[in-house]
Amino acid sequence: WSRAARGRGGVALVAGEAGIGKTRLVSEFVVRAEAEGGRVLWGTTAYPESTPYQAFVEALRAAIGLVAALDIKPLWLSALRQLVPELGERRADLPVLGAVDPQRRQTRLFEALTACLAGLARPRPLVFVLEDVHWAGAATISALEFVARRVDQHAILLVATYRDDEAPSSLRSARRSLQQDALAQHVPVGRLRLETVAEIVALAMGGTDRQDGTAEKLWAASEGSPLFLSELLRDVTESGGGSALPL
């Protein structure tokens, strides 16, 4: 993020199993990025992906006013209109694009996405989050890789989250290619260690470092999953002690 904020953009691929804390990690990060002057756009992929490029579309729609006002070639905004038709309502001056073959049409769209993100990052560094891309189709993955290869000259940090055990072959291939070319950083999110669970239990219990085995039991029962740990810990704290412990 520090490098991206100075105009040397990058890509972070945040991976881990379901419930491991990917979204929470990114959410905590973007709070810091916004506090440091960054602009954050966030799009999520549904299961199954409702339309191609869903996460891109959701993120751009959240900033439709900014996108429509961008000082970029009208050609790029016209190309983006196929994803975000609302652009046509805000920019009646956009030209009608000529017919081209499907491959060229896709490349034009990807170039438009890149130009749009670069324009959004010009006044303020941009964090562009694409969540749950393990559910994305091949077109979205292709767009992700295309843009990822072009952010290094802009103040853009592209962040994609995905479940590594559910990633399609297209996503795995894109990740390998980007890493081989030193264009992306893989950020694996693993299960919590016992020491970390003990710290969390102490905080949840009012700062008391319990010595009754609570942390060990919760760590074993949750198997280090933050999602399961939070549920178990809530039951324990609401019961007022260890009566709700699973073991």
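Reader: Which elements each supply at least two residues of the lining of the largest pocket?
Author: Happy to start there, with the note that this is a predicted model. The largest pocket has a volume of about 440 Å³, and its lining counts 20 residues, with Trp 1, Arg 3, Gly 10, Leu 157 and Gln 185 nearest the centre. The elements that each give at least two lining residues are α1 (2–5), β1 (10–15), α2 and β5 (185–188).

Reader: Which helices each supply at least two residues of the lining of the second largest pocket?
Author: The second largest pocket has a volume of about 380 Å³. Its lining includes Ile 20, Arg 24, Leu 25, Glu 28, Pro 226, Leu 229 and Ser 230, and by class it has 8 nonpolar, 2 polar and 2 charged residues. The helices that each give at least two of the lining residues are α2 and α12 (226–239).

Reader: Is Glu 34 buried, partly exposed or exposed?
Author: Good one to check, with Glu 34 placed in helix α2 (residues 22–35). Buried would need under 20% relative accessible area and exposed over 50%. Glu 34 has 46% relative accessibility, so the residue counts as partly exposed.

Reader: How far apart in space are Glu 34 and Val 127, C-alpha to C-alpha?
Author: In sequence, Glu 34 and Val 127 are separated by 93 residues. In the chain, 73% of the contacts with a separation of 6 or more join residues 24 or more positions apart. For Glu 34 and Val 127, the C-alpha to C-alpha distance is 8.9 Å.

Reader: Which helix gives the most to the lining of the largest cavity?
Author: The structure holds 1 cavity of 30 Å³ or more, and the space in the largest cavity is about 30 Å³. Leu 13, Leu 144, Leu 171, Ala 174, Arg 175 and Leu 178 form its lining, which divides into 5 nonpolar, no polar and 1 charged. With 4 residues, the top contributor is helix α9 (residues 169–180).

Reader: And for the whole chain, what share of the residues is buried?
Author: The chain has 12 helices and 5 strands, and its C-alpha atoms fill a box of roughly 70 × 35 × 35 Å along the principal axes. Of the 247 residues, the buried share is 45%.

Technical notes:
Residues are numbered from 1 along each chain as its sequence is written. This is a predicted model: local features need pLDDT of at least 70, side-chain atom pairs count only at pLDDT 80 or more; totals for chains, interfaces and linings use all residues. Side-chain values use heavy atoms; hydrogens and water are left out. On a 1 Å grid over the protein atoms alone, a cavity is a set of points where a 1.4 Å probe fits but cannot get out, and a pocket is an open set with protein on both sides within 12 Å along at least five of seven lines; lining residues have an atom within 4 Å of a point. Grid points are joined across faces, edges and corners, and a volume is the space filled by probe spheres set on the points. Ala, Val, Leu, Ile, Met, Phe, Trp, Tyr, Cys and Pro count as nonpolar, Asp, Glu, Lys and Arg as charged, and the others, Gly among them, as polar. Buried means under 20% relative accessible area, exposed over 50%, partly exposed in between (1.4 Å probe, protein chains only). Contact means heavy atoms within 4.5 Å.
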